[in-house]
Amino acid sequence: MIILLLLIGGIFTGTIAGLFGVGGGILFTPILFYLFASLEVAEPAVWAIGTSLLCTFLASISSSIQQRTEKNSYLKEGILVGLIGSIGIYFGKQIVMSEWFTEEVFVFMFALLLILVAFLFLRKSKRTHQKIENDRDLKFFEASGTGFTGGFMASLAGIGGGVVMVPALNLVFKLNLSKSVSISSLAIVFISLSGWLQYALFGGFPTGATQYTLGYVDFGTALPLLFGAFIGGFLGVKAGKSISNKITNILFAILLFSISSYMLLSLI
């Protein structure tokens, strides 16, 4: 029964990701959180973050390979941002594993993150098509700030960090969007890899939803979710071709506002 629900959740996540052109982490985490919570697994937020980072890692590999195939790859900068992001993961994990990081804190924080992302997508729907053509090299301090912030947020929310890194690279440091996305895609591979390994290898021996666990990473829930997401991704990309970017941005913002509202209302 759990596997069937995860497959359905994965298909939904993959369809949304393919339709709106986003990473799955923003949806993997809440699905996993409510699954672990419903099964009365202790520390469901930590389990959701660790397992979502594994899902994000496996999903990010294909995205990075695609960038490489399209000859839009920036290895040196992507690896630098990703390695520094791994340091951010460590500091974020210290907060997650602390006593004050309760389920209520996680739900409130993640709901605010969804609202922020929704706001960014609404801004995209209203923005004129003014392109930034800057293709300069990324400076070390820019890579450091971007990577650390992305990794820190990834560890707190179980996402890849792209929602932080792409706007930072594109809007703050004025790199063109295609380069920003490419650097972020490769960085996410390293950030999410470091993330799930830290939650797996330095999390002790807690009990998860299935018997296939390591630390706070539950492989038994991650793999069916990813398999469904792989199927849903094709459906989403196909559906997205018939809808304008402006409409998809608005629809995705509405979806995120709805999820965040549900999460906030659950705290009442």
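Tutor: A salt bridge here is a side-chain nitrogen of Lys or Arg within 4 Å of a carboxyl oxygen of Asp or Glu. The model is predicted, so local features need pLDDT of at least 70 and side-chain atom pairs count only at pLDDT 80 or more, while totals for chains, interfaces and linings use all residues. Residues are numbered from 1 along each chain as its sequence is written, and side-chain values use heavy atoms, with hydrogens and water left out.

By this rule there are 2 salt bridges. In general, side chains of opposite charge can pair when their charged atoms come close.

One of the pairs is E77 with K179, whose closest N and O atoms are 3.3 Å apart. E77 and K179 are both buried; buried means under 20% relative accessible area, exposed over 50%, and partly exposed in between, with a 1.4 Å probe and protein chains only.

The other pair joins the side chains of E142 and R136, at 3.0 Å from N to O. Here E142 counts as buried, at 5% relative accessibility, whereas R136 is partly exposed, with a relative accessible area of 26%.
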